[in-house]
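Welcome! Here is a short briefing to read alongside the sequence and the 3D view. It covers strands first, then aromatic rings and the charges over them.

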Amino acid sequence: MKVEKILITGALGQIGTELCGRLSALYGTNNIVGLGLEEESKAADIALGTYISMDVTDSVALQKVIEEHEITTVYHLASLLSGTSESNPPLAWHINVDPLIFFLERAKEKKIKKLFWPSSIAVFGGGIPKTNVGQEVPLNPTTVYGISKLAGEKWCEYYFNKYQVDVRSIRYPGLISWKAPAGGGTTDYAVDIFYKAIQEQRYTSFIKENTALPMLYMEDAISATLKLMEVSQDQISVRTSYNLGGMSFTPQELAAEIKKEISEFKIDYEPDFRQAIAESWPSSINDSVAKKDWGLQYDFDITAMTKDMLLNLKKKLR
Ligand code: AKB
C-alpha cells in the first residue's frame, strides 16, 4: 500500500504546530511536509520531515511541492483570522479562498486524495437564535472572515457534488492552546488571558464580561480533526463543514476559573472592534450531527482546560 504523504499549510500556526506532532506520530515524521511563511529556523522544534518557507498563494511553487513530495493528503490550515481580516478585506479573500480552490482543483485531478479545510463559527451571523445553533441554519456572516469561510464551505460542497472530491471540514469555535500562540482572532482573548494571568496576574479583556462564545481546547480540536479525516466516506453527510460546539463561556466565567488556580488574578474590560465581531457570532453551537455521523466527543470542559493550560503554560514560560 502506498504511504500517505501529508502536506500541512500554516504548519507553524496555532493548529498546525500541534497537528504536525500528532500526524508525525501516526504516519511517520518523514511523511509530513509543512509549509509556512515563517523562516526555516522557526520550524526546528516541530515534528516535520520537511519544512518549506513559502507563500501559500504562490500556486506555481505549491504545484512544485505537491509533485516533488508526491502529496496525497492536505491539511490546508493557512488563513487570516477575523480581526486581521477586517483590516485588509482583499488580502483576506486572497489568502482564505484562492489556495483552497487550488487544492480543490488538484483533488479534482485525483493527485490529492483527501483534503481538510477549516471553517469557523464565523459563518454564522444575524437572523438566527444565539444559542444551540444547529448545522442547517441560514448563514449571514457580517465579517470579512466569515464571508470568506462561507464561500470556502460552498466551494468544498461544489467540488464534492460535481467531482466527488473527498474534502472534509470543521467549523472550529475559538481554539485554546498553550504550545503556539493564537494571532489575529476575536476568540484570542481566551488564550491571551492565560499568558497575562501567569505573567502579571491581571488581564484587560477586549471582549465584554458577559459575551459568551463557543470555545474548544486544542487537544479536543486535533482529536476531532483526525477522527473526521479517518472515518469512511459513507459516514460523512456534511460536505460544507461540521458544527463543533466545544464549551461555551464568558470572559467573566473564564476569569473565575483562573482565579481558582491563581487567587490574586484580576480582570477588567476594554472592549474594542472585536466586540462587534463577537456579538455577531452564536454563543453556543449544536454539534449533534458530528456526534451522530462520526462520533465526535470531547475530553475537556472549562475546568479541565483551565487547569491543563495553566500547568503547561507555566512550564513553558519558566
Ligand atoms: C477567530 O476568532 O477569528 C477564530 C475563529 C472563531 O475562527 N478563532
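Two strands count as paired if DSSP finds at least two bridges between them. Strands here (E, at least two residues) and helices (H or I, at least four residues) are DSSP runs, numbered from the N terminus. This is a predicted model, in which local features need pLDDT of at least 70 and side-chain atom pairs count only at pLDDT 80 or more, while totals for chains, interfaces and linings use all residues. Residues are numbered from 1 along each chain as its sequence is written, and side-chain values use heavy atoms, with hydrogens and water left out.

**Strand β9 and its neighbours**

- Three bridges join β9 to strand β11 (residues 247–249), and these two run antiparallel.
- L175 finds its bridge partner in β9 at L216.
- Strand β9 (residues 213–217) is largely enclosed by the rest of the structure, because five of its five residues are buried; buried means under 20% relative accessible area, exposed over 50%, and partly exposed in between (1.4 Å probe, protein chains only).
- In a regular strand, side chains alternate between the two faces of the sheet.
- In β9, L213, M215 and Y217 point one way, whereas P214 and L216 point the other way, and all are buried.

**Aromatic pairs**

- Rings of Phe, Tyr and Trp (its six-membered ring) pair if their centres lie within 6.5 Å; planes under 30 degrees apart count as stacked, over 60 as edge-to-face and the rest as tilted.
- A search of the whole structure finds 11 aromatic pairs.
- One of them joins Y158 and Y163 edge-to-face, at 6.4 Å centre to centre and with 75° between the planes.
- Y158 has 38% relative accessibility, so Y158 counts as partly exposed; Y163, at 25%, also counts as partly exposed.
- Y242 and W294 form another edge-to-face pair, with 5.5 Å centre to centre and 80° between the planes.
- Y242 lies in strand β10 (residues 242–243) and W294 in helix α10 (residues 288–294), so this pair ties together parts that are 52 residues apart in sequence.
- Both Y242 and W294 are buried.
- Ring pairs also link W155, Y158, Y159 and Y163 into a cluster.

**Charges over rings**

- A charge sits over a ring if NZ of Lys or CZ of Arg is within 6 Å of the ring centre and within 35 degrees of the ring normal.
- K108 lies over the face of Y163, at 4.6 Å from the ring centre.
- R274 lies over the face of F206, at 3.5 Å from the ring centre.
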